[in-house]
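Subject: the model we talked about

Hi,

Here is the structure for you to open up.

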Amino acid sequence: MTTALCAEFCPHRLLFTRHKIPPYTSLFRCRSNGDSLLTNSTNLDTLKVKLSTEARPNHVSAYTDFKEAHFLKLLHRSCKAGNYDEGLYFLECMVNLGYKADVILCTKLIKGFFSSKNVDKAAKAMRILERYGEPDIYAYNAFVSGLCKANMIDSANQVLSRMRKRGFAPDIVTYNIMIGSLCNRGKLSLALKMMDDLLADKNCQPTVITYTILIEAMILEGGIGEAMKIFDEMLARGLQPDMYTYNTIIRGMCRCGLMDEAFEFVRSLTSRGCKPDVISYNILLRTLLNQGRWDEGGRLMEEMFAAGCELNVVTYSILISSLCREGQLEEAINMLKIMMDEGLSPDTYTYDPLISALCKEGRLDLAIAFLDYMVSSCCFPDIVNYNTILSALCKNGNADEALEVFGKLAENGCPPDVSTYNTMVSALWNSGDRGRALVLVSEMIGKGIDPDEITYNSLISCLCRDGMVDKAVELLGDMESSEFIPSVVTYNIVILGLCKVRRISDAIRILAEMVRKGCQPNETTYVLLVEGVGFAGWRAEAMELANSLCRRNAISNQALTRLHRTFPVNHAYAGGSART
């Protein structure tokens, strides 16, 4: 499905002048990863190295007589080609023939296996290095970093302990890896404890990077006030912040709504020995335009120019996104032209709000033309761009065309993600093609893509809409046994489905189960139940229930009034009137 880019957009066809900014179920089960492979079945110190048969070349026997240099050459070539399984095989051959494991090549193997998400083989390469070679701090840091990225913090701590036993003291890179990983996972208290360990270490001291990691995390958890205490501590230790640190603080102030303080902080940077950069101004500009403060945004840009700070791709992307959000699509396209006239190349983040806005306006042909133009300009669309197009096609009833695009995603170098599958599954089901929808669910899981909460909610909604409420309840149970705890939205979908088929007692049972499991019903939950009772023929009982819920503040007076209009009954049987 290729559409030629029309004259409405082609840069070489239209002339633009510099623009002035306007003022204004059993079906599937989820998987989870843990640390067990490093802590239970495998002992990193005692497991013997065995010759692997995985990826063993047919001409293996010929290699056994080669000299060490030959093996190192083969191992290096395998790592360079990204064939880490073959590299691991050559490493095992070497050590089994009595040769020493090379620390540099082992480190490359460790990094390679982590990059391909093969933690077991990365651990195996580390074991070989520890037993048959001499690991260094770089190898340990690579291993610890890989474990942290795999969310295996406990295993990383075990490796730190093993490092110390082997006489390797963690360096600042090790500490930064651990502190950063803990902060990224919302474990700020443990990160601060790790910082205390670092401060107590006589051979290693925190750097600007260390403090910046903690400042960023503290802004998210403790607020800008607590973050500034860490910043002051950093200054007290004689460390000079860099622009990354300053921009982290500016971003934190903006996030907390402290715009005046953020502007004051930016203007104080010169006296602190730093000059605000384009990132500093972009942070402020994004916040102003998100609040619709175009006049102030214009003045900020004048200040940028006066400071000799040129606009970059991010600046233009912020302007384009804000214009799209304001509904000024033509102005956004005009801004894109100005950007390109300035010699800047738009990226996927620049195009995404334009494609999204075009889809919302129903201008799918032009949205697809943008997509084609991106490819022809070597700015390859990401999965967000494709998901936007697919969603719009499906909403417009073009499921077949969406499937055509969907089928070409992998060959375009952009394999579908869970959001893509969610869109397609819902569209196929809504178009009556349940079979293909379920095939896609199976395909998704077969490719190792775990369903998310939206997948469950979408399928449960589809099942309920088609009257297959027993299957929906079964899928709800499957969701409860997975890592996704059903939300109030999920329960509401099931309750609505049960009410539609007049299974009121089952709906009440689901409500009771919901409360028992700690999910608090909202007004929608209760209104759905009242409507279910009323449409089942028990109007008086429904309004008696509604009045009772209103007295308990479970539903509002407005909701009660609407229900009274839907189910008019004699007040003598309605159990009272609305609260006053």
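A residue is called buried here if its relative accessible area is under 20%, exposed if over 50%, and partly exposed in between (1.4 Å probe, protein chains only).

Two bits of housekeeping. Residues are numbered from 1 along each chain as its sequence is written, and side-chain values use heavy atoms, with hydrogens and water left out. This is a predicted model, so local features need pLDDT of at least 70 and side-chain atom pairs count only at pLDDT 80 or more, while totals for chains, interfaces and linings use all residues.

Now the overall picture. The protein has 31 helices and 0 strands; these are DSSP runs numbered from the N terminus, where a helix (H or I) takes at least four residues and a strand (E) at least two.

Helix H27 (residues 488–500) is worth a click. Its 13 residues reach 18 Å from first C-alpha to last, close to the 18 Å expected at 1.5 Å a residue (the expected span is 1.5 Å times one less than the number of residues). H27 is mostly covered, with 10 of its 13 residues buried; among them are Tyr491, Asn492, Ile493 and Leu498. The cover includes helices H25 (453–465), H26 (469–480), H28 (504–516) and H29 (523–535).

Inside H27, threonine 490 counts as buried because its relative accessibility is 0%. Leaving aside residues up to four places away in sequence, threonine 490 touches Glu453, Asn457, Ile460, Leu476 and Met479, a contact being heavy atoms within 4.5 Å. Just after H27, arginine 502 takes a positive phi of about 60 degrees.

H21 (383–395) is the other helix I looked at this way. H21 has 13 residues and reaches 18 Å from its first C-alpha to its last, close to the expected 18 Å. Of those 13 residues, 10 are buried, including Ile383, Tyr386, Leu390 and Cys394. They pack against H19 (348–360), H20, H22 (399–407) and H23 (418–430).

Next, a helix pair. The axes of H4 (residues 84–96) and H5 come within 10 Å and cross at roughly 145 degrees (axes are lines fitted to C-alpha atoms, for helices over the stretch in contact, and angles run from 0 to 180 degrees between N-to-C directions). Where do H4 and H5 meet? Tyr84, Asp85, Gly87, Leu88 and Leu91 in H4 touch Cys106, Lys108, Leu109, Gly112 and Phe113 in H5. By class, that contact has 6 nonpolar, 2 polar and 2 charged residues; Ala, Val, Leu, Ile, Met, Phe, Trp, Tyr, Cys and Pro count as nonpolar, Asp, Glu, Lys and Arg as charged, and the others, Gly among them, as polar.

Most residues other than glycine have a negative phi. Lysine 117 has a phi near 60 degrees and lies in the loop between H5 (103–115) and H6 (119–132). Is lysine 117 buried or exposed? Lysine 117 is exposed, because its relative accessible area is 72%. Cysteine 378 has a positive phi too, near 65 degrees, in the loop between H20 (364–376) and H21. Cysteine 378 counts as exposed because its relative accessible area is 60%.

Cheers
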